[in-house]
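Student: I would like to go through the aromatic rings of this model and the reasons behind their labels.
Tutor: Let us take the labels one at a time.

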Amino acid sequence: VQLQACGGGLVQAGGSLRHSCAASGRTFSNYAIGWFRQAPGKEREFAAAINRNGGSTYYADSVKGRFTISRDNAKNTVYLQMNSLKPEDTAVYYCAARVGLVSMGRSYDYWGQGTQVTVSS
């Protein structure tokens, strides 16, 4: 499956952005989707994930209550709505797909290109 992410940008603290991740090539509903992020000088970390039918979602503590992950299997797209953004949310954001169960680790089979999010204070 190929993943195409978009939606990054520059925003002031307290603002909002929405990422989307569009998939092509395979049956999208077979894949759990995760969002990860990597800040400068830091390791890539888990942010959010959603299971195959969208019925279960998972969040890192650092984004819980501010980010919302959702999916539309009819459109082969996953969304990450990011609200109340903080400067520490500045990072490159990646979407990733894996067959089967969702994971909060980095055991994903397919990765999209990263998109930059910069939150100014």
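Student: Why is Tyr31 called buried?
Tutor: In this predicted model, Tyr31 has a relative accessibility of 3%. Buried means under 20%, so Tyr31 counts as buried.

Student: What makes Tyr110 partly exposed?
Tutor: Its relative accessibility is 28%.

Student: How many aromatic pairs does the structure hold?
Tutor: The structure holds five. One of them joins Tyr31 and Tyr110, with 6.0 Å centre to centre and 75° between the planes.

Student: Why is the pair of Tyr31 and Tyr110 called edge-to-face?
Tutor: The centres must lie within 6.5 Å and the planes over 60 degrees apart. The values for Tyr31 and Tyr110 are 6.0 Å and 75°, so the pair is edge-to-face.

Student: What makes Phe36 and Tyr108 an edge-to-face pair?
Tutor: Their centres are 5.4 Å apart, within 6.5 Å, and their planes make 75°, over 60, so the label is edge-to-face. Phe36 lies in strand S4 and Tyr108 in the loop between strands S9 and S10, so the pair ties together parts 72 residues apart in sequence.

Student: Are Phe36 and Tyr108 buried or exposed?
Tutor: Phe36 has 0% relative accessibility and counts as buried. Tyr108, at 7%, is buried too.

Student: What makes Arg44 a charge over the ring of Trp111?
Tutor: The charged end of Arg44 is 4.9 Å from the ring centre. The distance cut-off is within 6 Å, so this distance meets it.

Notes. Residues numbered from 1 in each chain as written. Predicted model: local features only at pLDDT ≥ 70, side-chain atom pairs only at ≥ 80, totals over all residues. Heavy atoms only, no water. Phe/Tyr/Trp six-rings, centres within 6.5 Å; stacked < 30°, edge-to-face > 60°. Buried < 20%, exposed > 50% of the residue type's maximum accessible area, 1.4 Å probe, protein only. Helix = DSSP H or I, 4+ residues; strand = E, 2+ residues; numbered from the N terminus. Lys NZ or Arg CZ within 6 Å of the ring centre and 35° of its normal.
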